[in-house]
Amino acid sequence: MSFAGILRRGAFRSLACTQSRVDRSVLYWAEQSATGVTLRDLCQIGLDRNLRREHGVFLHRELRIRLAQRVLELESLPYRLGERSGIRDVIEWYTGFVHLLEESPVPYTEELDKEFTMLLTRVFEEHSEVIQAMAFGVQDLIAELREDYSHVQAEVDAILRRFFTARIGMRFLLQHHIESFRNREGHSGILQLACDPEVIARKAATDSAMLCRASLAQAPHIAIHHTNPGTFTYVPMHLHYMLTEVFKNSCRATVERHAESFDDPLPKVHCHIVHGDEDVTIRISDEGGGIARAALPNIWKFMFTTMKKTPWSGRRDDFRTKPGDSACNPLQRPKQGGVLAGFGVGLTLSRLYAQYFGGDMKILSLDGFGTDVYLHLNRLGTACEDLPQATPTNESHHESSIIQRPRIRSTSWF
C-alpha cells in the first residue's frame with residue numbers, strides 16, 4: 001500500500017471508532033485520573049507494613065487506570081499500528097491484566113495482600129515481552145513504508161516515548177510492591193537504601209566487556225573513577241541497565257575504530273562518578289571516533305542503529321512473541337554470546353529510565369575522536385514520576401494518594 005493509502009486508512013481514525021472496539025471496563029478505567037508518586041514516598045511505603053498494605057489498595061485501582069490508558073492509546077494509534085502483530089498482542093495482554101485486577105479482591109487484609117502480590121508477580125512476568133512486541137509492530141510499519149517512514153518517524157517516536165515511559169512506571173510499581181513483601185536487608189522493595197554506583201558500574205563494565213568479546217572478540221578496559229565515594233538511594237537494576245547500554249556502545253565503537261587485528265591495543269573507556277548536592281553524575285568517555293554532527297539527532301530515535309546487521313535483518317516471523325517468555329528476550333535479558341547491539345531501543349530507553357525520577361542522559365560528541373555520555377541521577381527522591389503528559393496526576397503533582405507530605409519523616413537516605 002502507498003504512503004498516502006496508509007495515511008488515509010490509519011492516521012485519521014476517529015476516537016469514536018476506536019472506542020467501539022474497546023470493552024467497557026477499559027474505557028471506564030481509562031477515563032480515571034492516574035496518580036504520580038515520588039521515590040521518597042515509595043521508599044517509606046516499602047519499609048512500613050501498614051503503609052504497604054494501604055499502597056496495595058491504591059495499586060489495585062491505579063494499575064487498572066494505567067493499563068487501560070495504554071490500551072486506549074494503542075487502539076488509537078495512527079498508521080494502523082494498533083492492528084499490527086506485536087502491538088495487537090500488547091493490547092490483548094493489557095486488556096487481560098485489567099480484567100484480572102477487576103476480578104481480584106481489594107487487598108485490605110494480610111491474606112488478601114499475599115494473594116494480590118502473587119497476582120502482581122504473574123502480571124509482572126507476563127509484562128516482560130512488551131518491548132520486543134512493540135518493536136515488532138513498528139518494524140512491520142517500517143518494512144511497509146520503506147523510505148516514506150521518515151515522514152512519520154517523529155510521530156511514531158513520540159508515541160513510543162509516551163508508551164515506554166508509562167511502562168517503566170507500571171513495572172516499577174509492580175516490582176516494588178512484589179519485592180517489598182519480603183524486604184531484603186538494606187532495601188525497600190527494589191530500592192537499595194545505600195546504593196553504591198561504583199559497585200553497579202563495575203558489574204555493568206564486566207557484563208559489557210563479556211558481551212563485546214562474544215561479539216567482537218575483544219573489548220577495551222573500562223576504568224572506573226569514583227570521586228568522593230558515597231552512596232544514595234536508587235534502583236540498582238535501573239542503573240545497571242543504563243550503564244550497560246552506554247558501555248556496550250562505547251566498547252563497540254572503540255573496537256571498531258582501533259582494532260584491525262585480534263591483539264591490537266585499545267584505548268580505555270573511562271567512567272567518572274561524582275556526587276553533587278542534587279545529582280549523582282556519571283560521565284562515560286571513549287575514543288571510539290565520536291558521532292558526526294549530522295547524525296546526532298538520530299541517536300534518540302527508536303529503531304536507529306549503526307549496526308550493519310541487526311536482529312531485524314532476518315525474517316520478521318522469527319520475532320513473534322508470547323507473554324512470559326522473558327528468558328529468550330534479548331531486549332530484556334541479554335545472553336552470553338548474544339547480539340551486542342542493533343535493536344535500536346537501548347539508548348533511548350536508558351534515557352527514559354534516567355528521566356523517570358528526575359534525572360537525564362546527555363551525549364556530547366567530538367567527531368573524529370570520541371563521545372562523552374553524561375548520566376544525571378536525581379538523589380533527593382523528591383521528583384515525581386515522569387508520567388506521559390496526557391496522563392493526569394494528582395493536583396500537587398508531588399504527592400502520592402497514600403502518603404501525604406506531613407507524614408513524611410526526615411531521612412538521610414537521599
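This is a predicted model: local features need pLDDT of at least 70, side-chain atom pairs count only at pLDDT 80 or more; totals for chains, interfaces and linings use all residues.

**Whole chain.** I began with burial: of the 414 residues of the protein chain, 55% count as buried, meaning under 20% relative accessible area, with exposed over 50% and partly exposed in between (1.4 Å probe, protein chains only). Residues are numbered from 1 along each chain as its sequence is written, and side-chain values use heavy atoms, with hydrogens and water left out.

I found 12 helices and 8 strands in the protein chain; these are DSSP runs numbered from the N terminus, helices being H or I of at least four residues and strands E of at least two. The chain exposes about 18,400 Å², and carbon and sulfur atoms supply 50% of that area (Shrake-Rupley method, 1.4 Å probe; for residues, only the protein chains shown count as cover). I then looked at contacts, meaning heavy atoms within 4.5 Å. Among those between residues at least 6 apart in sequence, 81% join residues at least 24 apart.

**Confidence.** I noted a mean pLDDT of 81 for the protein chain, with 77% of its residues at 70 or more; pLDDT is the predictor's confidence in each residue, from 0 to 100. Over residues 322-342 the pLDDT is below 50, and this stretch has 46 contacts in the model beyond near neighbours in sequence. Residues 405-414 also stay under 50, and there the model has 27 contacts beyond four places in sequence.

Which residues touch the most other members of the largest nonpolar core? I got Tyr94, Leu239 and Leu243, out of 106 residues in that core. Such a core is a set of buried Ala, Val, Leu, Ile, Met, Phe, Trp, Tyr and Cys residues joined through side-chain atoms within 4.5 Å. Its largest share, 11 residues, comes from helix α9 (residues 153-179). Beyond four places in sequence, Tyr94 has contacts that include Leu67, Val71, Phe163 and Met170.

I checked α9 itself next. Because 21 of its 27 residues are buried, α9 is largely enclosed by the rest of the structure. Its end C-alpha atoms are 38 Å apart, which agrees with the 39 Å that 27 residues should span at 1.5 Å a residue (the expected span is 1.5 Å times one less than the number of residues).

**Arg64.** Buried or exposed, I wondered about Arg64 in helix α5 (residues 49-75)? Arg64 is buried, because its relative accessibility is 9%. Leaving aside neighbours within four places in sequence, Arg64 is in contact with Trp29, Val98, Leu101 and Glu102.

**His225.** I placed His225 in strand β3 (residues 222-226). His225 is partly exposed, because its relative accessible area is 28%. Not counting residues up to four places away, His225 touches His270, Cys271, His272 and Ile273. From His225 to Glu198 I get 8.1 Å, C-alpha to C-alpha, across 27 residues of sequence.

**Cysteines.** I searched the whole structure for disulfides and found 0, a disulfide being a pair of cysteine sulfur atoms within 2.5 Å.
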